Amino acid sequence: MTTAAINAPATALPADWRDFLALTKPRVMTLVVFTGLAGLLVAPQPIHPVLGFTAILCIALGAGAAAALNMWWESDIDARMKRTRSRPIPAGRMERESALHFGVGLAFFSVILMGVATNWFAAAILAVSILFYVLVYTVWLKRRTPQNIVIGGAAGAFPPLIGWAAVTGDVATLPMLLFALIFLWTPPHFWALSLFVRSDYATAGVPMLPVVAGNRATRVQIMLYALPMAAAAVAPWPLGLAGPLYGLAASALGLAFLALSLAVLMNRATEPAGMRPEKRLFVFSILYLFALFGALVADQWLLA
Amino acid sequence: MTQHEDEVRRRQKGRAIVMAALLGGFVVLVYAITIAKMGLAQ
């Protein structure tokens, strides 16, 4: 079963618009929108609601563009993994070229709209984040190094920085800390997932850490990233950039994250069936980020 | 192959409708941005 054989009959049809929507990975986008919105809301000055909405829209469209270009580049990998096999290109519902054109068009649109509506500094960071995700992560490093996720995490960490910059036109310590937080959060989050879907990555030949270095090393790495991550999350409190509401929430959530990471560290299971701690950590990590940014916004707005 | 052509037309129509809605939304957004920017300039 070759991709050409799958593609031949289906690509005679124009792709359904829903497949273009699927290219933007809408579910990943929710987290991007949320952290971008948090960066925008904790900035020290107000922004006109219409311009704020436009800034978040541009962040979402930029993330969608990056996702589409990622799927354009990785259709061969996606075809070999169960989780991604049904994406528009590997499933033969869309030609690769369409995804490329859609992604490039959306990227330009989001950056230009951001520049026109807010400022060109925010637009520049948005452009850098898209290019970083597509060129540095997807094209250059993902297939070459087991640290791919660490680099990919940097791309995902941009939204709060962009949200902040859309309001102020510059960056400051707090958005940099939020950047560091998401950057350090991504490896434990994704490695927990890659532990229990390990066989899939192995099939596709992606050098995911468990594939290359083994389960033990991956669990140690999760713990090693969780520690500075929890510290970066709490840091705005002692630095006086956030109040006690955020500080206490960040401390409690950080301790829970570390406890779940410890459970992963202690786990010796080699088969997905025995990886309850990993699944728990993965699910909690998503909740963690939402709760943390929610607490930060609540803290800033209640103090003000 | 009329069945095939029907499906092509159906998808083209779907894409045209979505594109029209998005363009309409964009026009409204640019209008709103303009008003907001003029408010800020004063």
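Q: OK, what average pLDDT does chain A get?
A: Chain A averages 92, and 95% of its residues score at least 70.

Q: And where in chain A does pLDDT stay under 50?
A: Over residues 1–10 of chain A. The model has 7 contacts beyond four places in sequence for that stretch. Where pLDDT is low, the predicted coordinates should not be read in detail.

Q: What about chain B, what's its average?
A: Chain B averages a pLDDT of 91, with 98% of the residues scoring at least 70.

Q: And what ipTM does the predictor give the complex?
A: The ipTM is 0.91, and the pTM is 0.90.

Q: Staying with chain B, how many helices and strands does it have?
A: Chain B has 1 helix and 0 strands. Its C-alpha trace spans about 60 × 5 × 5 Å along the principal axes.

Q: What share of chain B counts as buried?
A: 0% of the 42 residues of chain B.

Q: Switching to chain A. Which domains is it divided into?
A: Domain 1 covers 22–170 and domain 2 covers 172–298. Their centres, taken over C-alpha atoms, are separated by 21 Å.

Q: How many residues of each domain are in contact with the other?
A: In chain A, 28 residues of domain 1 are in contact with 26 residues of domain 2.

Q: Which elements give two or more residues to the domain 1 side?
A: In chain A those are helix 3 (26–41), helix 5 (75–80), helix 8 and helix 9. Helix 8 of chain A has the largest share of that side, 7 residues. By class, the domain 1 side has 15 nonpolar, 7 polar and 6 charged residues.

Q: Now the core. Which residues touch the most other members of the largest nonpolar core?
A: Leu40(A), Ala55(A), Ala68(A), Leu126(A) and Leu292(A), out of 100 residues in that core. Helix 4 of chain A gives the largest share of this core, 16 residues. The core also draws at least three residues from each of domain 1 and domain 2 of chain A.

Q: Let's look at Leu126(A). Where is its place in chain A?
A: Leu126(A) is in helix 7 of chain A, residues 120–141.

Q: And why does Leu126(A) count as buried?
A: Because 32 other C-beta atoms lie within 10 Å of Leu126(A), and 20 or more is enough to count as buried.

Q: What is it in contact with, leaving aside neighbours within four places in sequence?
A: Leu126(A) contacts Cys58(A), Ile59(A), Gly62(A), Ser110(A), Val111(A), Met114(A) and Ile162(A).

Q: Where is the kink in helix 7 of chain A centred?
A: On Phe132(A), and the kink is about 30 degrees.

Q: Last topic, loops. What is phi of Lys25(A) near?
A: Near 45 degrees, a positive value in a residue other than glycine. Lys25(A) lies in the loop between helix 2 (17–23) and helix 3 of chain A. With 18 C-beta neighbours inside 10 Å, Lys25(A) counts as partly exposed.

Q: And where does Val197(A) lie?
A: In the loop between helix 10 (173–196) and helix 11 (198–204) of chain A. Val197(A) has 18 C-beta neighbours inside 10 Å, so Val197(A) counts as partly exposed. From Val197(A) to Met114(A), C-alpha to C-alpha, is 37 Å in space, and the two are 83 residues apart in sequence.

Methods
Residues are numbered from 1 along each chain as its sequence is written. Chains are lettered from A and ligands numbered from 1 in the order in which they are written. This is a predicted model: local features need pLDDT of at least 70, side-chain atom pairs count only at pLDDT 80 or more; totals for chains, interfaces and linings use all residues. Helices (H or I, at least four residues) and strands (E, at least two) are DSSP runs, numbered from the N terminus. A residue is buried if 20 or more other C-beta atoms lie within 10 Å of its own, exposed if 12 or fewer, and partly exposed in between; C-beta atoms are placed from the backbone. Two residues are in contact if their C-beta atoms, placed from the backbone, lie within 7 Å. The bend at a residue is the angle between axes fitted to the seven residues ending there and the seven starting there. Domain bounds come from an automatic or database domain assignment. Ala, Val, Leu, Ile, Met, Phe, Trp, Tyr, Cys and Pro count as nonpolar, Asp, Glu, Lys and Arg as charged, and the others, Gly among them, as polar. pLDDT is the predictor's confidence in each residue, from 0 to 100. A nonpolar core is a set of buried Ala, Val, Leu, Ile, Met, Phe, Trp, Tyr and Cys residues joined through C-beta atoms within 7 Å.
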